[in-house]
Amino acid sequence: MGLDRRGFVKIVVGGVAGTLFTPVIWKSLDDVSIWSQNWPWIPRLNKGEVKAKAALSKLCPAGCAVKVKTVGGLPFAVAGNTANPMSKGGVCPVCAAGAQLMYSPARVKSPLKKVGEGKFEAIKWEDAEALLVEKLTALKGQNGKIAAINGDETGTAGEVISGLLAGLGNSGYYMMPGEKFVAEKGVKLMGGSGQPGFDIAGADLVLMIGADALDSWGATVANQKAFAATRPTGAAATAKFVYAGPVLNHTAAVSDKFLPVPPQATVAFALGLANLLINDGAVSSASDFSEYKALAAKYTAEEVEKATGLKAENMKELAAMIKAAKAPVVIAGASFGQGGGALDFVAGASLNVLLGRVGSGMTLLPSAPKAVAGVSASDKDAGSFLADVATGKAAPGALIVYEANPAYALPQADDMAKTLGNIAFKVSFSTYMDETAALCDLILPAPHPYERFDDALNPYGVAKSTYLAGKPVVKKPVMDCKDPVDVLLGAATKLGLSLGFDTYADVISAKAKALGADLDALTAGGIWTGDAKGGSLNLGASALAKAAVVKTDDKTLAVAPVSNLAFGTATLATPPANLLAIRETELVGKELLVQMNAATAKKAGVAEGAKVKLSAGKGELKARVHLNEGVAPGTVAVLLGFGRSAWDEYTKGKGDNVYKILTVSDEAGTGLKVWAGSTVTVAKV
Amino acid sequence: MKAKEFKVTWGMVIDLDKCTGCGACMTACQVENNIAPMVDASNKMRTLSWMLVYELSNKKSGAEAEVAYLPRPCMQCGNPACVPVCPVIATDKNEEGGIVSQVYPRCIGCRYCMAACPYHARYFNWEDPIFPKGMEKALSPNTSARPRGVVEKCNFCHTRFMQAKDKARQDGGDPEALADGAYMPACAEICPTGAISFGDVKNKEHKVFDLAQGKDAFRLLEKLGLNPQVYYVSKREWVRKLGDNYAATGKPGAAKKHS
Amino acid sequence: MDQKLQERWGEVMEEKKQCKGCGGALPFLIGFVAALIAGWVLFPNLLYSKKVQPIRFSHKIHQEQGMECASCHVFRDDGSYAGLPKNEKCQECHADVVGSDPAEKIYVEQYAQKDKEVPWLVYQYQPDNVFFSHKAHESFECKECHLEVGKMDTPPVYYENRLSGYSKQTMKMWQCERCHAENGVSNACHVCHK
């Protein structure tokens, strides 16, 4: 019997009927639907035991004890360390993204040597270290030829760098500008010495003049925890917080009172307040009280209103609040963590002296024992040093940059970058390809904070001597990097110096021992604290008398850079996970929005959404205008952290860098370089 | 349709007088839930911000100006608008605890739920999740990665709820009666000022029980009757008025007790 | 001519009528049975690829050493389950070669000493969107869901579904739901999905 068409059809129909009695169709459909949801490029989760390991997170300048959560040994999240008395389980928005930053596309993957304009070649560590030693050997012993810029205020690495330089016969060790540097100068002008500290937790009224204590000033998380403790939800607050500064920022948002004070009017505000307090009966036993009293009397209500725009009743209300408080503390600082004048600090700190709060609300920290010999503190900051290089006053042949970004985060940034570029040999120890690293001749990748040993001594603002230390959370770093201090110690040996240590871990061990701290307890997330030292301060009247009155006109505006910690710091561009926190009133596409209030905009002749160009010195910044009634009169507020020209696609080319339009001037009477009161001209584009 | 009743009702109380708008909660949420970073995150129609911090203003100027920040997770409504509209029941409110579930393999991406939600708490995956090379090693084990074409939303870090129940079982406790603080979503855990409190609003031993009934507590869009499980607290009247302008009750006062 | 045609036509119809009984249903039956065989025998062979575990691990030998299930498969302090042990556990005894089996030698040299975890194939593989808690199921016998490898000398063959990537033993949703329903446990979506 042959197979004819009918038979064939019957076979097929039988096949189909039979298939319905098998799992073929149902299983295939089910499996295909699963296959269509499991494309190979959809990432798979990591499995394993979940552990929480203690670490010291130094992604922001303060440094916090945190717990890094790992799954199967791989870090994936950061939570707070509730047992640490300083961070008390808190985490800031930058450290919240800390685990993901270990895989940031901007990380330097291996040592890099510059081979052309913007071109780098990966080299081996032995070759990189040999090159470093070669360059330093050539300039050894010639003072002024080797310089270093350090961006890490709290790590003992600074001692190693300073000691290395000293051993090579150079004194050119400079810190990136920060609050501490200015504050210590301020304290000196008040007849004292040392790093000042502020006890927020023990105060019942905290007046912050400029200092953005709940977002970017000092030990932010510790400050936030102190604030939180005074505000139990659903119950009455036990302390008052007042913020007086150029912008209604995150700190001002939760403060009981916001007083708009333009950046150049801090001294007028503080002395005007002092005047009211003195008239109300405040007396100080400081030696220069009568001088101070006469000086404050010049800042009448009218003068204060002229300088700040604040009405008399606002000032009177504040004075009454302070008088009623039993434990007030006044914290003065630049609103963006640098560039403030010593006189701004003195004006604010003098209120603490007037109120008799030195030794309680405001403290002075004793100097700590050093772990490395030959260490010296520098008298200039990195900005002043580079300004000298630009004018030819300083002519280094080699520059070491440690965890700092001077090409981005110094006033007149473009100029600074140019000056840096002209130095013959530059080496950057950086975790990320930042603007400075992109200019350097040699990049030596540093491990991420969770991949290395590190420590933090006296983060600025702490009321007592404080020491934290951390150890790596993973067996080896994600990238081919080496601890920078280990590299420098190795180089020191090859240069014939004996700094006394082989690794950074050894240095930290010695530092802990010198302080009398238990290193194991510290690396497990603990803390060491010591007492503040005693000492009195005067009111700084003679210095304050020299304070200049800054005049602004309708054509120039004061620029107030605003720090929002979630958007990164000078050394860290916005972590990719934080990009969505940037508002539509701050950045749209690639355009930055600068903020000013309606009255200021009208005077400047611009409206909401207008394209403008802000210029000062040699720098200019392009942006659009957004009207924001929380900005002080005559001021334009500009967010920090934008206008990155290196890093990665997440942050490069978005907005513009406000550091470009900050101009440096000499503070009257102190010789300090200041830029917190910079002015800019606004032009429509 | 009568809303389901649960013995345990997970809720949040967010103190708007303590929220500094720092954004740590937004970052913690992104990290815990494996949300891929977006290159252009300024396009707010495309960002996946399960937890989103809004900026509120009292529209005054100078020394009178005030700003408040309002973190908004999914409200896990007692009477959700999104559940009845889902054609495939990818979202449902059927688990003890009252967390509205969103099952990614079942979602067909029609986005009816997004249209229904008045809080804009639901987000659509316009693209597959692309992590920078290597960052897949930093994924959290707590949330699956979603392909493009599905809707996602905050689920009060539900996996942590399951893990808290396991820990309770391991310790010999009752997984159906967790202690206050045994289960905390990532945002509540990380908030540096402790503005976000979390717990069982029906359990007298959890602090949110009292906080939710405080005189300054309010809920957003109370008048819609969705019975959200997220309460806000503020001593400032202008902030409370922004909840829904007192339309629900006509006068200021505490939100209705959670039924 | 017509008559011849008619005769021939009749003959053909007769032929057809004769085979109707078998010629009619037979192709259908052939197709039906062929489909059944293809569906039940060939299809699984096509769909599943056979794989072997990277190390020929013998539970039997370890049991003979006096070890119990809980020696390696334990609940951790936080209530999570350490399903397949990591090198850390194996190296408690096998940091160096302690026996004579060549499989052990492979493990020690290729994995333990190179600090590389063994990529075990998980018979009860579940995809990322499933949350399963062993702690909640503690009262059940392991063998109610898992293959009884405890008594085996060689690990069973691992059948991997070529389309979905799952294992043949991967429990599908209906199996979990049925048992939950029988035991009065919630079948809410979030109980198992993450």
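Mentor: In chain A, residues 24 or more positions apart account for 76% of the contacts with a separation of 6 or more, two residues being in contact if their C-beta atoms, placed from the backbone, lie within 7 Å. This is a predicted model, in which local features need pLDDT of at least 70 and side-chain atom pairs count only at pLDDT 80 or more, while totals for chains, interfaces and linings use all residues. Residues are numbered from 1 along each chain as its sequence is written, and chains are lettered from A and ligands numbered from 1 in the order in which they are written.

Chain A contains 22 helices and 28 strands; helices (H or I, at least four residues) and strands (E, at least two) are DSSP runs, numbered from the N terminus. The radius of gyration of chain A, 29 Å, is close to the 26 Å that the globule rule gives for 685 residues, so the chain is as compact as a globular protein of that length. That radius is taken over C-alpha atoms, and the rule is 2.2 Å times the number of residues to the power 0.38. Of the 685 residues in chain A, 62% are buried. A residue is buried if 20 or more other C-beta atoms lie within 10 Å of its own, exposed if 12 or fewer, and partly exposed in between, with C-beta atoms placed from the backbone.

Helix α1 of chain A, residues 5-20, shows this contrast. Its 16 residues reach 23 Å from first C-alpha to last, close to the expected 22 Å, which is 1.5 Å times one less than the number of residues. A:Lys10, A:Ile11, A:Gly14, A:Gly15 and A:Gly18 are buried in this helix. Seen down the axis of α1(A), the buried residues fall within an arc of 140°, so they line one face; the arc is that of the directions from the helix axis to the C-beta atoms. On the other side of α1(A), A:Arg5, A:Arg6 and A:Phe8 are exposed.

Two partners remain to be described. Chain B has 59 residues in contact with 67 residues of chain A. Helix α1(B) gives the largest share of that side of chain B, seven residues. Chain C has 23 residues in contact with 24 residues of chain A. Here 15 residues, the largest share of the touching side of chain C, come from its helix α1 (residues 2-47).
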